[in-house]
Amino acid sequence: MKRSRVNDIILEANDMMRRFGFTLPPFAFWTPDDFKARKADAQNVIDARCGWDITDYGAGDYDKMGLFLFTLRNGRLADLQRGGGMCYAEKLLISKQDQLSPMHTHALKAEDIINRGGATLLVELYGSNARGEFDETKGGTVFCDGIKRDYAAGEKLRLSAGESVTLMPGDWHAFWGDGGDVLIGEVSTVNDDETDNIFRDPIGRFANIEEDVDPKHLLVSDYHTWLG
């Protein structure tokens with residue numbers, strides 16, 4: 001993806017979030033120089049990989065397969081492993097109309113996916129085999145707004161604004177906006193996007209950025225390169 005496109009997506013996403021009453025924390029609007037100057041103060045943000053996250057999954061066609069995310073807060077894996085402390089994470093996502101977030105699951109993370117506003121969110125579901133691998137014949141059980149719901153292999157849940165689904169490790173899922181763009185909330189256990197996204201097909205989690213212009217704001221995938 002070109003950096004100029006990333007800059008534009010950030011502006012568009014912020015406008016949409018504000019329309020639905022969500023205001024991001026101040027560090028969201030720091031420039032790269034701000035981050036460098038306040039690196040010591042912001043080390044928790046950097047280590048937790050909070051901030052802007054825009055991906056085309058390395059496929060080079062963001063409008064067809066991609067996702068916007070902003071990680072608001074993220075806990076510590078060590079706390080999750082010992083069973084106490086900051087064991088949670090929260091994100092805002094935007095899934096554009098017919099923009100696929102491809103089939104995947106997580107080994108550790110449990111998550112609530114919430115339609116915060118906009119169009120309908122379609123969530124396609126499959127279960128796992130005994131080894132936790134994708135199984136095109138398997139269904140499973142999820143909870144929608146706390147209500148138990150069995151799903152058949154390949155069933156598509158339709159989530160309107162305010163509705164949610166709870167996904168556990170082993171629930172394979174893909175999602176996209178139907179009839180328009182969707183603002184999504186994600187509330188989960190500790191999030192590790194570098195190691196805990198297991199895709200059905202061999203794709204990448206982060207975009208490859210072509211630096212045609214300077215970044216207005218850093219992506220979480222920029223932190224290592226820009227901040228060391």
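This is a predicted model: local features need pLDDT of at least 70, side-chain atom pairs count only at pLDDT 80 or more; totals for chains, interfaces and linings use all residues.
1. Helices here are DSSP runs of H or I with at least four residues, and they are numbered from the N terminus.

2. Salt bridges. The count for the structure comes to 17 salt bridges. Side chains of opposite charge can pair when their charged atoms come close. One of the bridges joins R76 to D79, with a nitrogen-to-oxygen distance of 3.1 Å. D79 also forms a salt bridge with R82, at 3.4 Å from N to O.

3. D79 is buried, at a relative accessible area of 9%. R76 is partly exposed, at 43%, and R82 is exposed, at 61%. Because buried means under 20% relative accessible area and exposed means over 50%, the value of 43% places R76 in the partly exposed class.

4. The R205–D193 bridge. A further salt bridge connects the side chains of R205 and D193, with 3.3 Å between N and O. This pair links distant parts of the chain, twelve residues apart: R205 belongs to the loop between strand 12 (198-199) and helix 5 (223-227), whereas D193 belongs to the loop between strand 11 (172-189) and strand 12. R205 is buried, with a relative accessible area of 10%, and D193 is likewise buried, also at 10%. Through shared partners, salt bridges join R205 and D193 with D53 and K91 into one network.

5. Charges over rings. R205 has an aromatic contact as well: it lies over the face of F206, 4.7 Å from the ring centre. In another such contact, the charged end of R200 is placed over the ring of F134, at 5.1 Å from the centre of that ring.

6. Aromatic pairs. Nine aromatic pairs are present in the structure. In one of them, the ring centres of F29 and W52 lie 6.4 Å apart and the planes make an angle of 70 degrees, so the arrangement is edge-to-face. F29 is in the loop between helix 1 (3-19) and helix 2 (32-37), while W52 is in strand 1 (residues 51-55), so the pair ties together parts that are 23 residues apart in sequence. F29 is partly exposed at 31% relative accessibility, whereas W52 is buried at 2%.

7. The W30–F35 pair. The rings of W30 and F35 also form an edge-to-face pair, with centres 5.0 Å apart and planes at 70 degrees. W30 counts as buried at 15% relative accessibility, and F35 is buried at 2%. Elsewhere, ring pairs connect F27, F29, W52, F68 and F70 into a cluster.

8. Cysteines. How many disulfides does the structure hold? The number is zero. For C87, the closest cysteine sulfur is that of C50, 15 Å away, which is too far for a bond. The cut-off that matters for this reasoning is 2.5 Å between the two sulfur atoms. Another cysteine, C144, is buried, with a relative accessibility of 13%.

Terms used
Residues are numbered from 1 along each chain as its sequence is written. Side-chain values use heavy atoms; hydrogens and water are left out. A salt bridge is a side-chain nitrogen of Lys or Arg within 4 Å of a carboxyl oxygen of Asp or Glu. Buried means under 20% relative accessible area, exposed over 50%, partly exposed in between (1.4 Å probe, protein chains only). Helices (H or I, at least four residues) and strands (E, at least two) are DSSP runs, numbered from the N terminus. Rings of Phe, Tyr and Trp (its six-membered ring) pair if their centres lie within 6.5 Å; planes under 30 degrees apart count as stacked, over 60 as edge-to-face and the rest as tilted. A charge sits over a ring if NZ of Lys or CZ of Arg is within 6 Å of the ring centre and within 35 degrees of the ring normal.
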